[in-house]
Amino acid sequence: EKLKAGKHVITVELDPPADDNSEGFLEDVQALRDAGADTVTIADCPIGRPRADSSLLACKIKRELGMEPLPHLTCRDRNMNATKALLLGLSMEGVHNVLLVTGDPIPTEDRDEVKSVFNFNSRKLARFVSVLNESTLRASMRIYGALNLNARNFEVELRRAQEKEECGVTGFLTQPVLSAEALDNLKLAHATLQGKIL
């Protein structure tokens, strides 16, 4: 709602716990909320290593702290059925914002035991969620995507972002802007893309 109104929005990314204790994680979320953060984004098994499920944590944050979560959904490790089931559950819990990312590959040393599942890339996943918005979900998911301002070939990255918008992405999250080149890329993205950029 703040984005729609053109207001400044603060979001902070957190990695989920690597064990089943959520107390410290929830304390961090509450501290961020009290400090003025509007939302927390929750990584989905960053660097391909298992952690607590980002979507389940998002539901917990919404239910227990009343804060708007933005769970990452990766294309890795879920087929189409599992992805649809997860999105239905998120919607039932009142979580209607998702950040769709391809996801990091499984670390090399784990590949003998753990196999990646990739039914989607981020654009196909956005299209899939858009179809669910039109056909299945009572309250539409707001779909966000990643935008790499530090990409070596930013023209390709920007073209992919435009394709993501064509597939239903309504906004983008970037890494911090720490160089003049990244700032120039951000200005170009603002001039080219229609969605909000955080």
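This is a predicted model: local features need pLDDT of at least 70, side-chain atom pairs count only at pLDDT 80 or more; totals for chains, interfaces and linings use all residues.

Modeller: Here is a chat about helices, bridges and cores in this model.

Biologist: How many disulfides does the structure hold?

Modeller: It holds 0 disulfides. A disulfide here is a pair of cysteine sulfur atoms within 2.5 Å.

Biologist: New topic. What span should helix α2 have?

Modeller: Helix α2 covers residues 54–65, and its 12 residues should span 16 Å at 1.5 Å a residue; the end C-alpha atoms are 16 Å apart, which agrees. The expected span is 1.5 Å times one less than the number of residues. Helices (H or I, at least four residues) and strands (E, at least two) are DSSP runs, numbered from the N terminus.

Biologist: Which residues of α2 are buried?

Modeller: Among them are Leu57, Ala58, Ile61 and Leu65. In an α-helix there are 3.6 residues a turn, so residues three or four places apart point the same way.

Biologist: What covers the buried residues of α2?

Modeller: The cover includes α1 (23–34), β2 (39–42), β3 (68–74) and α3 (80–92).

Biologist: What happens at the two ends of α2?

Modeller: At the start, a side-chain oxygen of aspartate 53 comes to within 2.9 Å of the backbone nitrogen of serine 55. Just after the helix, glycine 66 has a positive phi of about 65°.

Biologist: OK, how many salt bridges does the structure hold?

Modeller: There are 9 salt bridges. Each is a side-chain nitrogen of Lys or Arg within 4 Å of a carboxyl oxygen of Asp or Glu.

Biologist: What does arginine 78 pair with?

Modeller: Arginine 78 bridges to aspartate 53, with the closest N and O atoms 3.6 Å apart. Arginine 78 sits in the loop between β3 and α3, and aspartate 53 in the loop between β2 and α2, so the pair ties together parts that are 25 residues apart in sequence. Arginine 78 is buried, at 12%, and aspartate 53 is partly exposed, at 27%. Asp44, Asp53 and Arg78 are linked in a network of salt bridges.

Biologist: Which residue does arginine 63 meet in a salt bridge?

Modeller: Glutamate 93, at 2.5 Å, N to O. Glutamate 93 lies in the loop between α3 and β4 (97–101) and arginine 63 in helix α2, so this pair ties together parts that are 30 residues apart in sequence.

Biologist: Last one: how many residues has the largest nonpolar core?

Modeller: It has 43 residues, and those with the most contacts inside it are Leu87, Leu90 and Leu147. A second, separate core of 7 residues includes Leu3, Val9, Leu70 and Val101. A nonpolar core is a set of buried Ala, Val, Leu, Ile, Met, Phe, Trp, Tyr and Cys residues joined through side-chain atoms within 4.5 Å.

How values were computed. Residues are numbered from 1 along each chain as its sequence is written. Side-chain values use heavy atoms; hydrogens and water are left out. Buried means under 20% relative accessible area, exposed over 50%, partly exposed in between (1.4 Å probe, protein chains only). Contact means heavy atoms within 4.5 Å. A polar contact is a pair of N or O atoms within 3.5 Å; within protein, one must be able to donate a hydrogen and the other to accept it, and residues adjacent in sequence count only if both atoms are side-chain atoms.
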